[in-house]
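The sequence and the model come first, and the text follows.

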Amino acid sequence: MKLNFLRGISWRPVVSYFFLMAIFFALLQLYAAKKLSVLGALFIILPLSVLLAWLLYQRVIGPLNEIIAAARDMARGNLDRELHIYTQDEIGELARSINDMARQLRNTIDMITEERNRARAILDSMADGVIALDREGRVLLINPVVEEIFDLRQETCLGKKILGVIRNYDVERLLRKALETQKPTSEEVKIFGAGPDPRIFRLHATPLKGSGRETGGVVVVLRDITERKKLEQMRTEFVANVSHELRTPLTSIKGFLETLLDGAMNDPKTSRQFLEIMSQETERLTRLVDELLDLSKIEERRVVHRWQPVNLVDIINRVASLFRPQAKEKALTLSLEVPRDLPSVYGDPDMLAQVLINLLDNAIKYTPPWGSVTIRAMVLEDQLRVEVEDTGLGIPAESLPRVFERFYRVDKARSRELGGFGIGLAIVKHIIRAHGGKIEVESTPGKGSLFYFTLPLAEPASR
Amino acid sequence: MSPRSSFDKALAELQQDILRMASLVEQAIYDAVQSLVKLDVAGAAQVIMGDEMIDELYLEIEDKCVKLIATQQPIARDLRVAITGIKILLSLERMADHAVDIARATMCLSGQPLTVKCLEYIPQMGRLAQQMVKDGLDAYVNGDVQKAKEMCALDDEVDYIFAKVFRELINGMMENPKTVMQSAYLLYVSRYLERIADHATNIGEAVIYLVTGERRELN
């Protein structure tokens, strides 16, 4: 136990020490016995020391220099460098230890890099925006979603205060609150992004717990809820609209019923008139409920489609002949520009007829007398395009994106007068969408509108 | 803490305060224009009430600025930072007031559908003015002279639309005297937006002065 420290001393220095001592004593003895002059001793010592120096260089200084160079290299970050010293002495031991250390470091760094890449990949692939701030409120990182929303580059934002990156009072207030109270906070905030209109975000700010100087800070997750808000609003409007549409005929029916019960019943002429109005209103109610049911069926894709190759020429002709009397009544020219050899599309003939009926019905309704309505069909690449153009009232630019919404009516009063509910175009949109097509509208107020839809051809390869 | 670093910190804090106020002003301009387009009285009322907060913030930041100059007696660039701070604040405050003016006009216009045709120009002007405020503040944050100049160039576009709106509204009034009241209010609104854009160019000039020390007339 007491000799433990001896283990640390290797035999090499001890042996060389005794070897040198022996030579020294031998020379001393020879000199004392006058067998050797100073000059002679020098002759022996000089080559011996040259030999020793050479050995020292070979075994110690050279490898040490190599180790120093390698260590400097590693400090600069090049951990792939390996030392090739395989001797069994201390130098070899040192080289092996340094190689081990480098390998260990490399592994650790690889592990950390991999972990960081994984975290980065998760952040990058998130659908929500993420911003991390340090305890001073400076930006540590932002993910690509945030870059996209606010049209930023991560490099230009790092180290800046949040107000220099996202200039929004509420965001900054929320973050300050999270940093000060060290409690997670959440809020809905309207923020201006890259686009002209603000978007609505749900912000979750979570403080990072940490005791050291460098730790702490806060992570913010931004979830874009603009679409959801819009949907919520549409749903509210929808319910309000349906209730309104249902109540109007009901109120009228109720009013006439009460008048009848109050005595008008006894006057056969009046009661007949009242009953006729009530019948009309009931008719209107039934139609509304039918249309609503149709729409919800199509929206939920509950309709059993009778999919088959459909020749639209027949359908267009049939629908057009349906509307000829109405068009004649208003002195409208109803013209068809449909080639005879139109390739067929794949779909449900009744539903496609419904689309044309709704479009044509609108066109005739909203075109003043002496105008014209034109139906055109043509093939564009692998799509069939059908157009319904009128010389009607047209649709103002601000209403164009909304005409396919349920219950949206450009002019409520006029539309109701003409007996519309604002559902027709919503049905059209859903049918065309279910057929894998697209419907668009172009319009100039006062000049007329052009509705056109495209459907994929049944056999694009045969053409 | 040395007096120097506490001064630097105060200057950084001043910039943050200005950005804080700017965000509220940007929002107010947008909300004012939107509530006008939708004739949303509730939205307009919110803009008017929100101005109180902006005014309070303005006074608070201005006080800080004055104290900074009085106690630290900055010179050269530091003095420019403090002075431009006050200039930008003033411009922002005036913009917020114009947003309130627009909201007031909305209140007066409400209750009847807008029949005047050139309503689409107002949001267009609003967007441009808002963009100018945003770019101006971005230029301020980054000390970006180039961006400040580009922003000021947008003012010509605003002026052009304003001239167009003016012509069309006057024509409309002559054709149809019933629309005179609406047209007059819209004329005011477009004037306010034009003024907001002018204040934005002031911010741009202030940024250029801050960075280069040169005074430029960019309006």
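In which helix of chain B is B:S23 found? The residue B:S23 belongs to helix α1 of chain B, which covers residues 3–37. The model is a predicted one.

**The surroundings of B:S23**

B:S23 has a relative accessibility of 6%. It counts as buried because this value is under the 20% limit. Within chain B, a polar atom of the B:S23 side chain lies 2.9 Å from the backbone oxygen of B:R20. Leaving aside residues up to four places away in sequence, B:S23 touches A:R167, A:N168 and A:Y169. These contacts lead to the interface between the two chains.

**The interface of chains A and B**

On the chain A side, 14 residues are in contact with 21 residues of chain B. The size of an interface is often given as the accessible area lost when the parts come together. Chain A and chain B bury about 1500 Å² between them, and carbon and sulfur atoms account for 54% of that area. Of the area that chain A buries against chain B, 49% is supplied by A:R167, A:Y169 and A:F192, more than by any other three residues.

The table lists two counts for the pair of chains.

| Item between chain A and chain B | Count |
|---|---|
| Salt bridges | 4 salt bridges |
| Polar contacts, both residues at pLDDT 80 or more | 7 residue pairs |

One of the salt bridges joins the side chains of A:K190 and B:D31, with a distance of 3.4 Å from N to O. On the side of chain A that touches chain B, the elements giving two or more residues are α7 (162–165), α8 (169–181) and β3 (185–192). The most comes from α8(A), with 3 residues.

**A nonpolar patch on chain A**

Chain A also carries a nonpolar patch on the surface, formed by A:Y31, A:V38, A:L39, A:L42, A:F43, A:I44 and A:L46. Together these residues have about 750 Å² of accessible area. Helix α3 of chain A, residues 38–75, gives the largest share of the patch, 6 residues.

Terms used. Residues numbered from 1 in each chain as written. Chains lettered and ligands numbered in written order. Predicted model: local features only at pLDDT ≥ 70, side-chain atom pairs only at ≥ 80, totals over all residues. Heavy atoms only, no water. Patch = residues over 30% accessible without salt bridge, like charges linked within 9 Å, V, L, I, M, F, W, Y side chains within 5 Å. Areas by Shrake-Rupley, 256 points an atom, 1.4 Å probe, with all protein chains shown as cover. Helix = DSSP H or I, 4+ residues; strand = E, 2+ residues; numbered from the N terminus. Contact = heavy atoms within 4.5 Å. Buried area = accessible area lost by both parts, 1.4 Å probe. Polar contact = N/O pair within 3.5 Å; in protein donor to acceptor, adjacent residues only side chain to side chain. Buried < 20%, exposed > 50% of the residue type's maximum accessible area, 1.4 Å probe, protein only.
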